[in-house]
Amino acid sequence: MSLPANEIQRSPDVIVVGGGVIGLSIAWELVRRGVSVRVLEQGQLGKESSWAGAGMLPPGNPEWAKSPEARLRAASHVLWPEWAEQLHSESGIDTGYVRCGGLEVRTACHQLELDNEIATWRAEGVAVESFDQMELHRRFLGLHSDLASGYWLPELGQVRNPRLLKSLIAACQSRGVDLRPGTPVVGLQRVADRIVSVQTFNETHSAAEVVVAGGAWSSDLLRRAGHEISIEPVRGQMVLLEKTPTPFRYVIQSGLRYLVPRADGRILVGSTEEHAGFEKRNTASGVSGLIEFACQLVPGLANARFEQCWSGLRPWATGGAPYIGRVQGMKNVLLAAGHFRSGLQLSPITAVRIAEQISESDRFAKM
């Protein structure tokens, strides 16, 4: 017999609002620590910005990292091998994690920009090898002749984000996480400094702790509970090409855009950055610009097969750093949002940081 629509559901320890890579990673990390979790996702699990990314995992060195961004990136870099292995073991789904290396390239007019990036990597203690034009084209065949210099990051990795999300969903299910796709959260009922219930269209949910991991939708949800944060959607368009045999097996980047090869001959081309509100669609200029970029880097891609295109709404936080931690003024609410283009790469350390804070709370410290 079903419960009345307004009856409070049997309460888990934690409710996670948002079922993207961040929300699912937090749920999996929590349930592994013995915490019961319910995930409320407005659409399909993992099918928003998490699905639209390319899965690049830049390197880092925890011993040398100084900035907040570098420390988060370095911590995730260390976590990723075990994280991917554990997910594969629990779910039976290979995430496609591999350290394939990455090449950053520029034309001659952007040499200073490239030199500054090399200096930054070296200051962080990250392995990097620089090339002049002759060495670049000797080592990396098929690049456009206009490319004048580059550098190589041997520890850069990648993960196949669709496989990662499928693996996370399966691992969460196997451990008993209550996954509820198609369940939009319409409000957080606040009494004094606590959220006492989470409202969906037809149900009321309660938990000791609430984690908001709703990506670009997090701002509006918290605003309705009386807390202001600044996260806005930035549309990123992507193109998928197919060329067999694959002309390169490493990530190629040039500034904010990139080519990411997969083992099956597919090549991801990304990405645009467009402040277009919550309008998630592809445009002729966006798609054509990405294809032109791909062919400018690797001319041999001009005869690649166009497979598909898509877009995602990436959550950009004012100031550039994601929100990870407790929400000021709300004793039982944590926020994990605003990762922008780094959600996939920072998902392990975000999950660990959030789980640690919940585990240290009075209710869970005794478990």
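Which residue of β14 is the bridge partner of G102? In this predicted model, local features need pLDDT of at least 70 and side-chain atom pairs count only at pLDDT 80 or more, whereas totals for chains, interfaces and linings use all residues. Residues are numbered from 1 along each chain as its sequence is written, and side-chain values use heavy atoms, with hydrogens and water left out.

The partner of G102 is V251, and the strands concerned, β4 (residues 102-107) and β14 (residues 251-254), pair in the parallel sense over 3 bridges; two strands are taken to pair if DSSP finds at least two bridges between them, strands being DSSP runs of E of at least two residues and helices runs of H or I of at least four, numbered from the N terminus.

Helix α4 (residues 111-123) packs on the sheet and touches β4, β5 and β6 (147-153), contact meaning heavy atoms within 4.5 Å. The direction of α4 makes about 10° with that of β6, where axes are lines fitted to C-alpha atoms, for helices over the stretch in contact, and angles run from 0 to 180 degrees between N-to-C directions.

The open sheet has 8 strands in the order β5-β6-β4-β14-β15-β16-β13-β17, with mixed pairing. Because β5 (129-131) and β17 (305-317) stand at the edges, each with a single partner strand, one side of each is left without a neighbour in the sheet.

Helix α9 (residues 343-359) is mostly covered, with 13 of its 17 residues buried (under 20% relative accessible area, with exposed over 50% and partly exposed in between; 1.4 Å probe, protein chains only).
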